[in-house]
Amino acid sequence: MKLFVLLGMVVLTGGAVFCQDKLVSRNGSVSFFSKTSIENIEAHSQTAVSVLDKKTGKLEFSVLIKSFLFQKALMQEHFNENYLESDKFPKSTFKGRIDDLSKIDFSQDGNYTVSVSGLLTIHGETRPVTAPASFTVTNGSAMGQAEFNIMLSDYNISIPTLVKDKISRSVKISLNVKYDDLAKPQMN
Amino acid sequence: MKEWLKKYRLIGFAALISIPAVGIYGYQQFNRKPPDMHGLRSSYVIASEDLVSQFDADEKEASAKYSGKVITVVGNVGMVQSTDSSQTVFLNDGISASAVICHFQKNATDKKLMLLEGEKIRIKGVCSGYLMDVVLVRCVVENEK
């Protein structure tokens, strides 16, 4: 069963057994930031899973909502219980692809700027997103980075009336993922 | 003294005490930091392979049991990955594809974890669920050297 999770992601990202085409990360970083007049809201998770198919450009991302850490306990409680309802919607996912994969040469070390698009699911709501991303290739591994904004209302995340005017309706999401070759053992 | 004056004085005194008290409580709640993991009692102590197999067998049931809870996991160190702000320890049995991923924040790893592959360890953390692996955050080592 546990293998099925990994293989499932591999299959979904395009072609089952050719693992040499797959890059994987099991501790990707996801953070979000929202500027408010009361206080800035910021949280980080460093346990996201992502699989990237170098051949097709297909990309998948999953993060556990309860893995987001805040500086303040109350914010974390409100985030899980009132806003994201993490017991009901424990994961957030992205399924998409690199639109201009031909710009990246995974056999050549370098920095590549591309566009990524796909479906982002948060709080049980799925919406299309497109964002600029960059990939830094080093020795067959890749570091991916992306940043984009979402509207809370698109994901059915409601803000209590009391603080409605004080909380930004958009949130900046940042991704930072170091991919390792699935075919190679991961190094410390 | 008239009765009504006495009553209003009492109300005024109560307000004088309670309004700042509520304010202080609210301020403390707003700024409350997550509790120190060292001081928290684990709801469960479990071997890493047992935890993974429970999530494998029935993720929904295992999530209801462990997710959001402080648990102690006993297992063997498979791999340690470090960044500037954190360290991640993978506990696995060397056979399974899945592991228990234990995430240590920077303040928990001021002293860099010096762990050997295969070393048996007890790690306490908050279970946040299951992706490819079971994920524990805000981890601390229970049997520190």
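1. Basis. This is a predicted model, in which local features need pLDDT of at least 70 and side-chain atom pairs count only at pLDDT 80 or more, while totals for chains, interfaces and linings use all residues. Residues are numbered from 1 along each chain as its sequence is written, and chains are lettered from A and ligands numbered from 1 in the order in which they are written.

2. Confidence in chain A. The mean pLDDT (the predictor's confidence in each residue, from 0 to 100) of chain A is 85, with 86% of its residues at 70 or more.

3. The pLDDT is below 50 over residues 1-5 of chain A, a stretch with eight contacts beyond near neighbours in sequence; a contact means C-beta atoms, placed from the backbone, within 7 Å. Residues 184-188 of chain A are also below 50, with five such contacts. Where pLDDT is low, the predicted coordinates should not be read in detail.

4. Contact between the chains. On chain A, 22 residues are in contact with 30 residues of chain B. H1, E1, E2, E3 and H2 of chain A each supply at least two residues of the touching side, and H1(A) gives the largest share, four residues. By class, this side of chain A has 10 nonpolar, eight polar and four charged residues. Here Ala, Val, Leu, Ile, Met, Phe, Trp, Tyr, Cys and Pro count as nonpolar, Asp, Glu, Lys and Arg as charged, and the others, Gly among them, as polar.

5. Sheet of chain A. Eight strands, E1-E2-E3-E4-E5-E6-E7-E8, form a closed barrel with antiparallel pairing; strands pair if DSSP finds at least two bridges between them. Six bridges join E4(A), residues 91-98, to E5(A). Thr93(A) stands opposite Thr121(A) in E5(A).

6. Helix H3 of chain B. In H3(B), residues 59-66, Ala62(B), Ser63(B) and Tyr66(B) are buried, whereas Lys60(B), Glu61(B) and Ala64(B), on the other side, are exposed. Buried means 20 or more other C-beta atoms within 10 Å of the residue's own, exposed 12 or fewer, and partly exposed in between, with C-beta atoms placed from the backbone. The buried residues pack against E1, H2, E2 and E5 of chain B. Gly68(B), with a positive phi near 85 degrees, follows H3(B).

Definitions and conventions: Two residues are in contact if their C-beta atoms, placed from the backbone, lie within 7 Å.
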